[in-house]
Amino acid sequence: MIEVQGLTKKYGELVAVRDLTFKVEPGRIWGLLGPNAAGKTTTMRILTGYLPATAGQATVAGFDVFNEPDAVKRSIGYLPEVVPLYLDMTVSGFLGFVAEIKQVPAAKRKAAVARAVESAGLKDVSHRLIKNISRGFKQRVGIAQAIIHDPKVLVLDEPTIGLDPAQIREIRELIKSLRGEHTILLSTHILPEVTQVCDGVVIINEGRLMASGSLEELAASFERKDGVILKLRRGGAEEAALLRAIPGVEKVSAEGNELRVEWSRGRDLRDDVARLALDKSLGIQEMRSLASIEDLYMKVVSGGLEP
Amino acid sequence: MKNIWSLMKKEIGAYFSSPIAYVVISGFLLLVGYFFYSLVLWFNAQAMQMAQNPYYAQQININEMVFSPLFHNMSIILILVAPLLTMRLLAEEKKSGTDELLYTSPLSVGQIILGKYFAALVMLAAMLGLTALLSIFAFAFGNPEIAPWLTGYLGLFLMGATFIAIGLFFSSLTENQIVAAFLTFVTLLLFLVLNWVASSGSGTWQSVLSYLSFSQHFEDMTRGILDTKDVVYYLSFSFFGIFLAHSVIQSRRWR
């Protein structure tokens, strides 16, 4: 549904996006993950036709972004990072205006607004001025304006940024409820957002593609080793030596009170590690699987992983 | 066409959902009303004196003595008012990030700009239309000629349309409304008085400068003379302003 081929964007000397290639399958939610200034917003702006690319190709819903911009704009719903709202309009007035400029036929406009209000959960505030509603509702209005013309593709730039935890959960539920009807590409720098909401991910850093694929694919391809990361009350050489003594454990490395315990694939020594930690009362605070997407992302961000 | 209409409606709504429209229109009406009143008082006093003398009595002319100076005053007020109408048109969209919504919708830059331009024109027409009500008194109690009155208003509208096009251009350059308004004001004032230097110059320079000046082309219209070259001047100036605004927006997106 979204296909990007060798996309490059330069702002003068600065290269914001470098030779980016990825693909999003229809009806799925894909995350565009990267630290700040990784090129996420630039990529989205190119896909939505706000910015032209310096080189490369992109197609959305079968239309070429550069040669058929109007067709692309008609089949895309876009929530920019700064939610575009006219504060002096009412929620339904604003959605009506967006329906008009997104070329929803006059006869269907009312229904389109009602549907968007309904699915974004805006019923209670639809007659209020946008400047008087809360941040979370403003974000919902942003999503409502993106889905107003029932686009095949949704591009959401940092949809949960700046919201409180309850609002974040609500917005994530809202996005999940749109799965299937729409193909969604959402950008974020928060990893849990990807693991909770998305089916797949494109990880970029400094404009370069680091990894892309469905979550299962990625997990499999990066798991050369199995293991756990163990967070203890107090970590050190003593604890590391104890863990190293477990049969099958190949490597233990300590970083503060976090110990990384590795063994070769195919075995599962988690029980043994936990038992040891309990027996010797090492004070387990946390134990998580190694080679999770989180580790991958941390490696990407800290620059330890080459594309 | 439908897209231009959608944007136009939205912009007119924006004028009236903020205090701008009310403040600007009422201020404009207050000033014009005051000028009209003082001109009529002066005209009465003059007419009284002139009527004593049969030669001068022939020359009493309400068009020349009231409307012509009134139109000149109004053109100066428009120089102050036009920047207020245009400053937010493109600058605010950029500042609030709503330009991203417009430019990712299936609209052309031309449609966006024209929608905004026409919305400001509607405001201008409404303002001028309301001042025309004042003239009812002059028509009810006197006998002014209608033709110079009509061409005077046409001149004001054309000149205002030019002001708005220039304001739109400056609004496209910046996201700061005050900067946009001030640059518009400076430019308009400069073009209005461009013919001052022309009077002491000579040859080609003189004719170029006085041709470019707003006031030169307005002069005839307040006297009831409708010359196509004046109309063409204002229309081409407006077109130029819109074209510049269009180029600025277009180039910004391609940078």
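Trainee: Where is A:Ala166 placed?
Mentor: A:Ala166 sits in helix α6 of chain A, residues 165–177. Helices (H or I, at least four residues) and strands (E, at least two) are DSSP runs, numbered from the N terminus.

Trainee: Before I go on, what kind of model is this?
Mentor: This is a predicted model, where local features need pLDDT of at least 70, side-chain atom pairs count only at pLDDT 80 or more, and totals for chains, interfaces and linings use all residues. Residues are numbered from 1 along each chain as its sequence is written, chains are lettered from A and ligands numbered from 1 in the order written, and side-chain values use heavy atoms, with hydrogens and water left out.

Trainee: Thanks! How far apart are A:Ala166 and A:Leu185 in sequence and in space?
Mentor: They are 19 residues apart in sequence and 22 Å apart in space, C-alpha to C-alpha.

Trainee: Switching to A:Thr188, is that buried or exposed?
Mentor: A:Thr188 counts as buried, at 1% relative accessibility. Buried means under 20% relative accessible area, exposed over 50%, and partly exposed in between (1.4 Å probe, protein chains only). A:Thr188 belongs to strand β8 of chain A, residues 183–188.

Trainee: Which residues does A:Thr188 touch?
Mentor: Leaving out residues up to four places away in sequence, A:Thr188 touches A:Leu32, A:Leu33, A:Gly34, A:Lys40, A:Glu158, A:Glu193 and A:Val194. Contact here means heavy atoms within 4.5 Å.

Trainee: On to chain B. How many helices and strands are there?
Mentor: Chain B has 13 helices and zero strands. Of its 255 residues, 51% count as buried.

Trainee: How do α4(B) and α9(B) cross?
Mentor: The axes of α4 (residues 62–86) and α9 (residues 177–192), both of chain B, come within 8 Å and cross at roughly 155°. Axes are lines fitted to C-alpha atoms, for helices over the stretch in contact, with angles from 0 to 180 degrees between N-to-C directions. The two helices are therefore roughly antiparallel, a label for angles over 145 degrees.

Trainee: And which residues meet there?
Mentor: From α4(B) come B:Ile76, B:Ile79, B:Leu80, B:Ala82 and B:Pro83, and they meet B:Ala181, B:Thr184, B:Phe185, B:Leu188, B:Leu189 and B:Leu192 of α9(B). Those divide into 10 nonpolar, one polar and no charged. Ala, Val, Leu, Ile, Met, Phe, Trp, Tyr, Cys and Pro count as nonpolar, Asp, Glu, Lys and Arg as charged, and the others, Gly among them, as polar.

Terms used
Parallel < 35°, antiparallel > 145°, perpendicular 65-115°, else oblique.
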